[in-house]
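Trainee: I am new to this structure. Could we go through some of its helices and strands step by step?

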Amino acid sequence: MKTLFQKIIFLILFSLCLSCKKNENKNTQTIQAVKNEIEYSSNLSIYKYDGYSIVQVLNPWPDANKDFTYILKEKNATVPDSLQKYTQLSVPLQSIVVTSTTNIPFLEMLNAEKYLVGFPHTDYISSVKTRKLIDAGSVQNVGQNERLNIEKLIDLAPEAIVTFGVDNNNPMIDNLKKSGLNVLIQADWMEQSPLGKAEWIKLYAALFGKEKEGKILFDNIVNNYKEALELVANEKAKTTVLYGSMYQNQWFVAKGNSWVAEFMKDAKSNYLWADTEGSGSLGLSFENVLEKAKKAQCWIASGSFKNLKELANSNTHYSQFDAFTKKNVYTFESKLGATGGTLYYELAPSRPDLVLKDYIKIFHPELLNDYAFTFVTKLN
C-alpha cells in the first residue's frame with residue numbers, strides 16, 4: 001500500500017514537472033534564425049518574427065561603445081523572456097517625435113506624417129506637406145536637439161521619440177529615459193552608402209506596421225538608382241571636380257569613402273580627393289586646395305549661394321579657380337523651404353536616386369537632356 005502511494009505521488013510530481021517544463025518552454029522559446037530584412041545599411045538590422053520584430057542599431061555615433069536593441073511588439077504578441085531586457089515599443093505607433101529633418105520624408109512616403117506630434121526647431125522642416133501640419137498646430141516645437149523641452153514631451157506623451165547621439169556622452173537622451181519616455185536611437189546619419197541611408201525607411205515602416213509598403217518604396221528607389229548607374233555604365237570619368245568651400249579658416253572636402261564621394265564616383269566623375277581614406281570631411285587650407293584644384297573643370301560648392309556674385313563676396317579668392325571663371329559652379333544647398341530649411345539636407349538621404357541623377361546631369365548632361373535638377377542650382 002505504501003509503495004502504491006509512493007508511485008501515485010511520483011506520477012503526480014512527474015506530471016507537474018512536465019507541465020512546468022512546457023510553460024517554461026513557452027515563455028523562453030528558442031529564437032529561430034530568420035533573415036535580416038536589411039540589405040544595404042551597415043548600421044541597421046531588422047529581424048521579423050511572429051508578432052514582434054528585433055531591431056538592432058549598430059555604430060550609432062563615431063567610436064560608439066555600445067549598440068542598441070529594440071523589440072517592436074504587436075498587440076497580444078508574446079515576446080520570449082530572453083528579450084525582455086530590451087526596450088519594447090508597441091506597434092503600430094499612433095504618435096511619434098523625430099529629431100532630424102531626414103526622418104520627415106520617410107514619414108511622408110509611408111503616409112504616416114499624421115502621427116508626428118513634435119519636432120525640435122520646426123523651422124528646419126522644408127516639406128510643404130508637413131509644414132501644413134505645423135501651421136495647423138498638429139506638430140509642436142519641442143526645443144533643440146541638445147535641449148529638448150522634456151516637460152512638453154511629457155505632455156505630448158509620444159509613444160516613441162526617435163533621436164540620435166553624437167558621442168558616448170548623451171545626457172539629454174538619459175534624461176528622456178529617466179522621464180519615462182520611450183527613446184529609440186537611430187544612426188542613419190552614420191551611413192556612407194547612398195542606398196544604405198535610404199534603407200532606414202524600413203525602420204519607420206516597421207514602427208507603423210507598414211513593412212510591405214516600405215519594401216516596395218525602397219525597392220523602387222533601388223531600381224531607379226540602378227537605372228541611373230546603367231546610364232553611365234559605359235562612360236569615362238573625365239570631368240575633374242572640386243568640392244566644398246571655406247568655412248572659417250578651413251576648406252572642407254569630402255573624403256574618398258564619404259556619402260558625397262560615393263555619388264561622384266557612381267556618376268562617373270574624377271573627384272580630386274577620391275583617394276583620400278575615410279568618410280566624413282577633411283579640413284585643408286585654401287592654399288592646399290588651390291594648388292590641387294585650380295584647374296578643376298567643375299566645382300560643387302557647399303553653401304546656399306544664389307549666384308556667383310554671392311559666392312565671390314564670401315571670399316574674393318574664389319575667382320582664382322578656373323571653374324569659377326568659366327562659370328561651371330553648382331550647389332545642392334540653395335533650394336530652401338518657406339522657413340529657411342534646406343531641401344537637400346531633408347530629402348536627399350531618402351532619395352539617393354534623385355541625387356545621383358543630379359550629379360549625372362552635371363557631369364554628363366547629354367545623357368539627361370530632358371531632366372530638370374531636383375536639388376542642384378547652377379550659379380550664374
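Trainee: At roughly what angle do the axes of helix α9 and helix α14 cross?

Mentor: This is a predicted model. Two packed helices are described by the angle between their axes and the distance between the axes. Here α9 covers residues 259-266 and α14 covers residues 352-363. Their axes come within 9 Å, and the crossing angle is roughly 55°.

Trainee: Is α9 parallel, perpendicular or oblique to α14?

Mentor: Angles under 35 degrees count as roughly parallel, and 65 to 115 as roughly perpendicular. The axes cross at roughly 55°. That angle therefore makes α9, relative to α14, oblique.

Trainee: How many charged residues are in the contact of α9 with α14?

Mentor: From α9 come Val 260, Phe 263, Met 264 and Asp 266, and they meet Pro 352, Val 355, Leu 356, Tyr 359 and Phe 363 of α14. By class, this contact has eight nonpolar residues and no polar ones. Asp counts as charged, and the number of charged residues is one.

Trainee: Which strands are the edges of the open sheet of three strands?

Mentor: The strand order is β13-β14-β16, with antiparallel pairing. An edge strand pairs on one side only. That applies to β13 (246-247) and β16 (281-284).

Trainee: Which residue in β16 stands opposite Phe 252?

Mentor: Strand β14 spans residues 250-254 and runs antiparallel to β16, with four bridges joining the two. Opposite Phe 252 stands Gly 283.

Trainee: Which helix packs on the sheet?

Mentor: The helix in question spans residues 286-293 and touches β13, β14 and β16. Its direction makes about 105° with that of β16. The helix is α10.

How values were computed. Residues numbered from 1 in each chain as written. Predicted model: local features only at pLDDT ≥ 70, side-chain atom pairs only at ≥ 80, totals over all residues. Heavy atoms only, no water. Axes fitted to C-alpha atoms, helices over the stretch in contact; angles between N-to-C directions. Parallel < 35°, antiparallel > 145°, perpendicular 65-115°, else oblique. Contact = heavy atoms within 4.5 Å. Pairing = 2+ DSSP bridges.
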